[in-house]
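Subject: Structure handover, salt bridges

Hello,

Here is the structure I said I would pass on. My notes on its charged side chains follow below.

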Amino acid sequence: MLLATHTGHPLEAGLDEAGRGCLAGPVFAAAVILPPDFAPAFLNDSKLMTARRRESVRAEICREAVAWAVAEASPDEIFSLNIANASYLAMHRAVAALAQVPAHLLVDGNRFRAYAGIEHTCFIKGDSRYRSIAAASVLAKTFRDDRMRELARQFPGYGWEQNAGYPTAAHRAAIRALGPCAQHRLGFRLL
């Protein structure tokens, strides 16, 4: 069962990212502040949910959250900053875009670059422990998947509508056949 809060403050924001291990496309992050009583039956770590369930829960989160925001860092930013720092940048952008200033940040993972003026706590597998992090996980994943489907139409042949830019055998085969495109992360080992 996911926990509603870590600090007891009603304005905790959960943070998570999606797309860190991909070969192409931006890394996305979401920040979500939930009402204390928000507990959809199927909310969980997005990786443990079906696509249909993620979309259903996403609609509930967007409708019921106190505040939510999604942000990204581009492949160029990933190349210049490295993937960890680009992920933190996307998280910072998501926090900055929230309509409500959070009192505390709950971050999925074991590292985070501090956000000025707001304390944070990192949790390994936080998306399986806290509702707000799980909600951020769902938003980051679904919004990134939407973007990768858009990019698949602009850059056909890589199968991003199915692999979302992850290093599948088919994606690597397409890179060998077509070469990398502007959305590939050139600092990553593509083949």
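Arginine 147 is partly exposed, at a relative accessible area of 27%. Keep in mind that the model is predicted. The side chain of arginine 147 forms a salt bridge with that of glutamate 72, with an N to O distance of 2.7 Å. This pair joins distant parts of the chain: arginine 147 belongs to helix α4 (residues 131-154) and glutamate 72 to strand β3 (residues 67-73), 75 residues apart. Glutamate 72 is partly exposed as well, its relative accessible area being 24%.

Two further pairs lie within helix α4. In one, the side chains of lysine 141 and aspartate 145 meet in a salt bridge at 3.1 Å, N to O. These two residues are four apart in the helix, so about one helical turn separates them. Aspartate 145 is buried, because its relative accessible area of 14% falls under 20%.

In the other, arginine 149 and aspartate 146 form a salt bridge, and their closest N and O atoms are 2.5 Å apart. Here the spacing in helix α4 is three residues, again about one helical turn. Both partners are partly exposed: arginine 149 has a relative accessible area of 34%, and aspartate 146 has 23%.

Over the whole structure, the search finds ten salt bridges, among them the pairs of arginine 147 with glutamate 72, lysine 141 with aspartate 145, and arginine 149 with aspartate 146.

Regards

Key. Residues numbered from 1 in each chain as written. Predicted model: local features only at pLDDT ≥ 70, side-chain atom pairs only at ≥ 80, totals over all residues. Heavy atoms only, no water. Salt bridge = Lys/Arg side-chain N within 4 Å of Asp/Glu carboxyl O. Buried < 20%, exposed > 50% of the residue type's maximum accessible area, 1.4 Å probe, protein only.
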